[in-house]
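This report goes through the structure shown below, one region at a time. Keep the sequence beside the 3D view while reading.

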Amino acid sequence: MVIINIDGQDYQAREGQNILQACLSLGLNLPYFCWHPAMGSIGACRQCAVVQFQNAEDERGRIVMACMTPVTDGARFSLGGDKASTFRRNIVESLMLNHPHDCPVCAEGGECHLQDMTVMVGHRDRRYRGRKNTHRNQYLGPLIHHEMNRCITCYRCTRYYRDYAGGHDLAAMAAHDHIYFGRHTDGVLENEFAGNLVEVCPTGVFTDKTLVQHYTRKWDLQSAPSVCVGCAVGCNTMPGERYGKLKRIHNRFNAEVNGYFLCDRGRFGAGFVNSPQRLDYAAARNADGSYDAIQPDAALKLAAELLQPDNKLAGIGSPRASLESNFLLQQLVGAGNCSPGFSALDHALIPYTLQLLQQSPARIASLQDIESADAVLVLGEDVTNTAPRIALALRQAVRSRAFELAAELKLEPWQDAAVRNLAQNQRSPLDSYLSAESKLDDIARHCIRCNPEQIADHANAIVSALNGGTADSDSASDIARSLLAARRPLIVSGSGAQSAAVLEAAAAIVNALHRVNPATMISLSVPECNSLGAALLSSDVSPSIAALAERAVKGDIDTLVILENDLTRRCSPQTLALLYDNISNIIALDALDTATVSEAALVLPCATFADSEGTLVSSEGRAQRYFPVISTTLDRQPGWYWLLQLGRAARRDDFAELLHFDAVSAACAAHYGQLAAISAAAPLHDFVSHGLKVPRQPHRYSGRTAMRANVSVQEPRQTQDGESPLAYSMEGLNRDQGGLLPFVWSPGWNSNQAVHKFQSEAGGPLRGGSAGVRLLDETTDSSGSPAAKPGLPETGQWLLVPRYRIFGSDELSVRSEVIAELAGEPLLELNAADAASLGLGQDDALCIEGAAAIAVRINDSLPGGCIGFSAGYEATRSLVAGSRVAVSKAVDWASSRSQIISSDGGSRHV
Amino acid sequence: MSDGLTMLFGLFVLLGAVGAAAALTWFERRLLGIWQDRYGPNRLGPFGSGQVLADMLKLLTKHDWVPPFADKLVFIFAPTAIVVAMLLGFAVVPFSSSLYIIDLNIGLLFFLGMTSLAVYSVLLGGLASNNKYALLGGLRSAAQMVSYEVFMGLSLIGVVMLTGSFSMRDIVEAQRDGWYCISQFLGLCVFIVAGIAESHRLPFDLPEAEHELTAGFHTEYGGMKFAMFMLGEYLGLMLICCMIVTLFFGGWLGPILPAVVWFVIKVFVLICFFILLRAAIPRPRYDQLMSLGWKYMLPLTLINLVVTGAVALSLAEV
Amino acid sequence: MFEAVFSQFRSIWRILGHSFSRAETVQYPEQKPYLAPRYRGRIVLTLDPDGEERCVACNLCAVACPVDCIALQQGVREDGRWYPEFFRINFSRCIMCGMCEEACPTYAIQLTPDFEMCEYQRQSMVYEKEHLQIAGTGKYPDYNFYRVSGLKIAGKDKGEALNEASPIDIRSLMP
């Protein structure tokens with residue numbers, strides 16, 4: 001720490017910061033635009049001007065940009081002086097020359113950094129009488145709205161999009177006051193992280209298109225700390241609610257996890273919460289197969305009959321349901337009768353992944369760790385599409401080389417332009433073994449395409465090279481060398497390739513590397529938000545769905561409880577038929593109407609992540625709590641609540657003690673040693689800050705006495721939340737609660753830039769600690785080998801490899817309108833040579849094993865003999881990754897397809 | 001007068017006093033209206049005089065409620081006490097040389113006794129309500145009344161000295177040569193102030209003091225019990241005015257017009273004066289009220305007493 | 001002391017003087033008081049000079065409202081205009097403070113000199129958009145927000161608003 005003097009007062013500041021960061025960390029209000037804690041300084045906007053004095057005698061000083069000036073001991077600055085503040089006011093005035101009169105109809109209004117800064121510098125009147133420049137907007141896809149008139153040319157968007165996120169199709173164009181930020185032509189933004197432009201842009205050029213259609217100002221949004229359910233990374237989010245609808249997802253800062261950015265699946269993929277397919281009421285099936293909505297108590301009465309003590313129970317949990325829900329299901333039906341609800345392949349793979357993570361001596365990398373890695377090896381996991389936020393972190397990891405170079409020249413890492421100029425194309429090594437191209441190829445050193453089996457072979461070669469042997473290929477020895485040379489090497493893999501061999505190989509590399517370098521890190525991806533949690537709850541006795549089906553055939557199951565799981569995504573229609581035909585009493589709990597729900601005798605409507613609480617375990621092994629942002633409406637209840645009621649209805653003694661969510665959580669923690677810490681993942685429901693719960697509503701929340709007045713002018717009492725430390729209220733203090741951050745606001749800082757007021761220093765971790773607890777930090781030596789590999793059908797010569805898509809492969813997000821729009825058609829991909837051998841062209845289709853035809857795309861990045869299929873699509877559900885199948889060219893495909901397109905009326909976005 | 005006639009007249013005074021008190025509520029509001037440049041109640045009946053009836057109906061039909069936390073017996077007894085005490089006070093008022101209910105030889109003492117009884121009503125009402133505002137109001141009234149009782153009595157001693165009798169009729173008759181408002185001016189001033197304080201009318205309505213104590217001692221009262229307190233207050237006002245007229249302004253004495261008419265006119269003018277005080281003078285602070293009583297009123301009374309005594313003595317010697 | 005006593009008598013005298021001054025009371029409802037156009041009474045929503053809805057659902061009135069009695073939801077019309085899908089004022093809560101009118105950037109919400117809005121049912125005090133909307137411009141006949149705003153709507157392209165230059169051709173190399 002050094003002393004700097006600002007306006008005659010001495011402050012302590014950390015060396016290595018710039019003055020802007022130091023001022024903000026000290027709580028001083030210094031306006032800025034182009035600086036971003038994650039992207040560093042370029043000094044473009046000239047807004048953070050301060051006066052620096054040479055020495056104690058200097059009276060005049062000179063204006064410097066705070067963001068470009070490093071903290072030095074004894075430096076003297078003037079922040080509030082006339083000279084600096086006039087300069088800053090003039091800068092804002094000139095930025096506002098062309099700013100349109102849009103605030104009332106701008107989706108940024110009320111959380112606009114430009115508004116905040118304008119007020120902060122005291123600019124009010126536009127003195128310039130000339131005409132305002134205008135621009136035409138572009139269509140940038142269904143997610144982002146473009147309004148170029150509002151631009152203040154801070155360059156944050158291109159710096160984020162191109163430099164940080166690695167996008168190519170957004171750029172600054174033209175010159176001087178013609179400057180334009182957009183694509184070369186209208187079209188959907190290609191980058192998977194484009195949604196962050198909404199938060200990065202300090203004004204309303206890029207706004208959330210899904211929000212603009214039914215817009216709500218930030219001050220009217222009721223929000224709560226939540227966790228993204230789009231994938232297993234566990235990014236922290238702040239969903240916003242108004243009038244019972246989920247309006248938007250904003251990033252919730254967590255220094256160890258997602259930092260400032262989310263992927264587009266996470267940001268725009270929560271629309272399923274508002275889906276018309278949400279289940280509203282409990283329903284019982286009639287004899288004719290139709291359903292009648294019934295009262296909750298009637299439903300529980302019915303459930304009590306189905307759950308009689310002499311009935312043989314079984315349950316199917318879900319990797320997308322919370323730990324607590326899965327735990328209660330297990331308690332209800334017994335661990336030996338409860339399937340974790342994985343697909344046949346995942347049933348072996350996910351527990352194996354967990355086992356590898358538990359046994360691995362290396363640190364399981366958080367996203368923050370990933371960003372700090374200086375050599376990365378990706379094995380078989382297309383993270384851009386399975387765990388997108390990891391891909392963005394990997395893009396930062398390859399910059400480690402740049403920071404090393406900068407450090408040699410004593411350049412501060414925040415000197416963004418200088419560091420980038422210095423490094424040019426020098427990157428830390430990132431090597432990938434994948435079955436096809438990936439979005440990270442542009443930063444990768446070696447991109448080796450091979451099928452999962454070959455990946456394992458290559459990996460073994462690397463292991464031998466690491467152990468001092470010789471590798472049989474140049475690339476393997478090259479990779480081994482750079483991994484050994486790295487200070488913080490990282491191995492990224494996961495269950496995405498659906499191959500235990502790949503995981504095993506990844507673990508072998510990590511183990512070999514860890515013996516040499518204890519700073520080695522591992523990151524294994526799993527498919528769903530609580531896959532790891534479900535695996536933690538399962539054990540050797542947990543049956544697979546297929547095993548349950550076998551039991552059902554034997555008549556060993558009277559009643560089956562299915563928790564938030566669409567079984568059609570998990571197993572073959574044959575297995576399902578065995579289940580449904582042999583079990584007459586199925587109780588299904590889900591939030592959305594699925595094919596599985598339609599098979600149940602009793603359907604109970606569940607709450608989603610947005611209207612319930614629960615704990616999820618991310619692929620990092622971090623248990624994180626999400627809290628309801630919408631109070632449950634209609635007869636929807638959280639899964640854990642329904643299961644608790646079911647247990648009560650069945651007169652189970654062990655359920656009598658469990659009254660609150662916290663009790664369920666604690667019981668779960670008590671049952672499983674590995675989960676002992678989950679109760680500490682977030683404050684308990686009785687947490688109070690300064691005597692009050694943490695408010696979900698900002699203090700300007702409007703319309704309280706009118707929003708329900710159309711129903712009744714008598715205002716009901718505020719909804720009470722006995723289950724969480726948050727209140728459906730404006731009253732209370734939102735400060736320094738770390739992970740329990742429902743919204744960011746600070747006086748004078750209405751935009752999301754206010755987050756620095758909640759950080760221990762600008763850009764640092766939140767005061768009060770980062771959200772969540774890491775569960776898997778202790779290495780356990782529960783030795784074991786991968787569970788028996790399920791027999792894969794080998795009926796032909798074509799190896800099926802899964803190809804994931806950020807939009808479309810995930811179950812929940814694709815139920816959101818905009819994501820469905822972007823999901824596109826399922827495809828089968830194979831390389832040109834293979835296609836030619838099958839006589840396929842670009843517009844042809846393939847039938848696999850005589851199933852329905854799927855369109856073909858020629859993709860030369862695929863190795864020969866492989867067919868990549870779009871994973872997670874309805875048409876490709878019957879395809880099992882890793883199996884070898886026979887294929888045939890579909891007949892009459894082109895003609896039938898053209899008919900579909902013409903009847904479709906054409907696509908909106910050409 | 002025969003006993004029967006006296007009984008009849010007593011009944012007449014009883015009804016008249018109560019009726020007049022009721023009418024006074026309307027009259028006061030009209031008069032205040034005039035002095036505050038507005039109308040006051042003017043909607044019901046001629047000049048809004050129907051308001052009296054309306055108010056009465058409203059009060060009569062109101063829920064007769066006793067708070068569950070109150071001392072029930074005392075709570076009900078308190079408002080009756082003030083009305084009874086005030087009505088009894090009228091017994092010794094001589095409306096003319098022949099029109100009176102009773103001419104006690106200790107008439108004046110009887111009057112003082114009755115007004116002293118009234119304090120119990122307020123005090124008990126405040127205590128029984130079991131409410132902090134009511135209690136504060138009751139405490140204030142106790143202190144206020146006990147203090148002002150002292151020089152209210154003392155201020156009249158001058159009159160008694162000059163007359164040589166406690167009988168009201170004797171006092172009036174003694175004023176044929178000159179009203180005591182001249183010879184006993186100091187006594188009159190003190191008596192008026194003390195009278196206002198005794199009847200806790202504005203500006204000395206500290207026991208109520210709606211700005212500080214909600215409604216003071218009768219916070220918990222409603223309906224007819226509240227009406228009794230109001231009735232007591234207006235009866236007190238009239239009684240004090242009757243007394244002032246009797247003791248200082250020559251009672252029924254006056255030329256031409258019948259004696260009763262003179263008496264009524266004098267009382268009426270005094271009542272108007274009391275209402276004017278209410279319209280014009282703000283309420284003092286509680287400690288100011290006390291210091292006024294003990295630091296100024298008491299010495300003044302004593303001076304009056306000494307001077308009167310000396311003069312009376314010197315006159316008697318001659 | 002003397003002064004204090006004197007001032008009491010003086011005020012008694014002055015009050016007595018008021019016996020002869022006229023009452024200020026306006027005998028409502030027989031006599032109606034004069035209400036200026038700026039009087040803060042019943043709230044209305046107005047139309048712009050072209051007969052289009054003025055309200056752009058910016059929510060500023062709602063946030064300015066000290067009793068939080070305004071609730072609305074924004075929507076976007078086909079022509080690009082923002083409009084309130086619903087607009088609700090709970091007049092049983094409204095204190096007629098006029099802050100919403102102050103906050104309104106489009107002169108859409110205006111207070112009128114009508115204060116006689118008693119109801120027997122509190123529920124009838126809840127006014128929806130159809131109850132609030134009037135067929136005129138109210139106190140500000142000329143203002144049209146979209147003529148000033150940079151937003152493109154049907155019939156007004158970019159660069160056609162007040163004081164705007166026509167859109168820049170970014171492919172031009174001219175300075």
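Helices, of at least four residues, and strands, of at least two, are DSSP runs numbered from the N terminus. The model described here is predicted.

## A loop residue, Q737(A)

Q737(A) sits in the loop that links β30 (726-727) to β31 (773-774) of chain A. Is Q737(A) buried or exposed? Residues under 20% relative accessible area are classed as buried, and Q737(A), at 11% relative accessibility, is therefore buried.

Not counting residues up to four places away in sequence, Q737(A) touches F687(A), S689(A), V694(A), R767(A) and G768(A). Q737(A) and A771(A) are separated by 34 residues in sequence, and their C-alpha atoms lie 9.5 Å apart in space.

## Confidence in chain A

Chain A has a mean pLDDT of 91, and 97% of its residues reach 70 or more. Over residues 902-910 of chain A the pLDDT is below 50. Beyond near neighbours in sequence, this stretch of chain A has 4 contacts in the model. Where pLDDT is low, the predicted coordinates should not be read in detail.

## Nonpolar cores

The largest nonpolar core holds 134 residues. Which residues touch the most other members of this core? They are Y160(A), L394(A) and F609(A). Helix α13 (residues 388-397) of chain A supplies the largest share of the core, 6 residues. Another core, of 95 residues, lies apart from this one, and its members include L349(A), I479(A), A505(A) and I587(A). In soluble globular proteins, nonpolar side chains tend to be buried together.

Leaving aside neighbours within four places in sequence, L394(A) is in contact with I370(A), V376(A), V378(A), V383(A), L430(A), L440(A), I443(A), L490(A) and V492(A).

S619(A) belongs to the loop between β27 (614-617) and β28 (622-626) of chain A. With a relative accessibility of 7%, S619(A) counts as buried. Leaving aside neighbours within four places in sequence, its contacts are A232(A), V233(A), L357(A), I364(A), L524(A), S525(A), V526(A) and L532(A).

## Helices of chain A

Helix α20 (residues 545-553) and helix α21 (residues 573-582) of chain A have axes that come within 8 Å and cross at roughly 40 degrees. This angle makes α20(A) oblique to α21(A). The crossing of α20(A) and α21(A) is left-handed. On the α20(A) side, I545(A), A546(A), L548(A), A549(A), A552(A) and V553(A) take part, and they meet T575(A), L578(A), L579(A) and N582(A) in α21(A).

How do helix α14 (residues 400-408) and helix α15 (residues 416-423) of chain A cross, and at what angle? Their axes come within 9 Å and cross at roughly 105 degrees, which means that α14(A) is roughly perpendicular to α15(A). A402(A), F403(A), L405(A) and A406(A) of α14(A) make the contact with V419(A), L422(A) and A423(A) of α15(A).

## An enclosed helix

In helix α22 (residues 639-649) of chain A, 8 of the 11 residues are buried, so the helix is largely enclosed by the rest of the structure. The buried residues of α22(A) are G639(A), W640(A), W642(A), L643(A), L644(A), Q645(A), L646(A) and G647(A). After α22(A) comes R651(A), with a positive phi near 55 degrees.

## Chain B and the chain contacts

There are 2 pairs of chains in contact, and chains A and C share the most contacts. Chain A and chain B do not touch, and their nearest C-alpha atoms are 26 Å apart.

Within chain B, helix α5 (residues 132-163) and helix α10 (residues 223-248) pack at an angle of about 25 degrees, with their axes 11 Å apart. At that angle α5(B) is roughly parallel to α10(B). M152(B), L156(B) and V159(B) of α5(B) make the contact with I240(B), L247(B) and F248(B) of α10(B). L124(B), in helix α4 (residues 107-128) of chain B, is partly exposed, with a relative accessible area of 24%. Leaving aside neighbours within four places in sequence, L124(B) is in contact with V74(B), F77(B) and A78(B).

Key: Residues numbered from 1 in each chain as written. Chains lettered and ligands numbered in written order. Predicted model: local features only at pLDDT ≥ 70, side-chain atom pairs only at ≥ 80, totals over all residues. Heavy atoms only, no water. pLDDT = per-residue confidence, 0-100. Contact = heavy atoms within 4.5 Å. Core = buried A, V, L, I, M, F, W, Y, C linked by side-chain atoms within 4.5 Å. Buried < 20%, exposed > 50% of the residue type's maximum accessible area, 1.4 Å probe, protein only. Axes fitted to C-alpha atoms, helices over the stretch in contact; angles between N-to-C directions. Parallel < 35°, antiparallel > 145°, perpendicular 65-115°, else oblique. Left-handed = near helix turned anticlockwise from the far one by under 90°.
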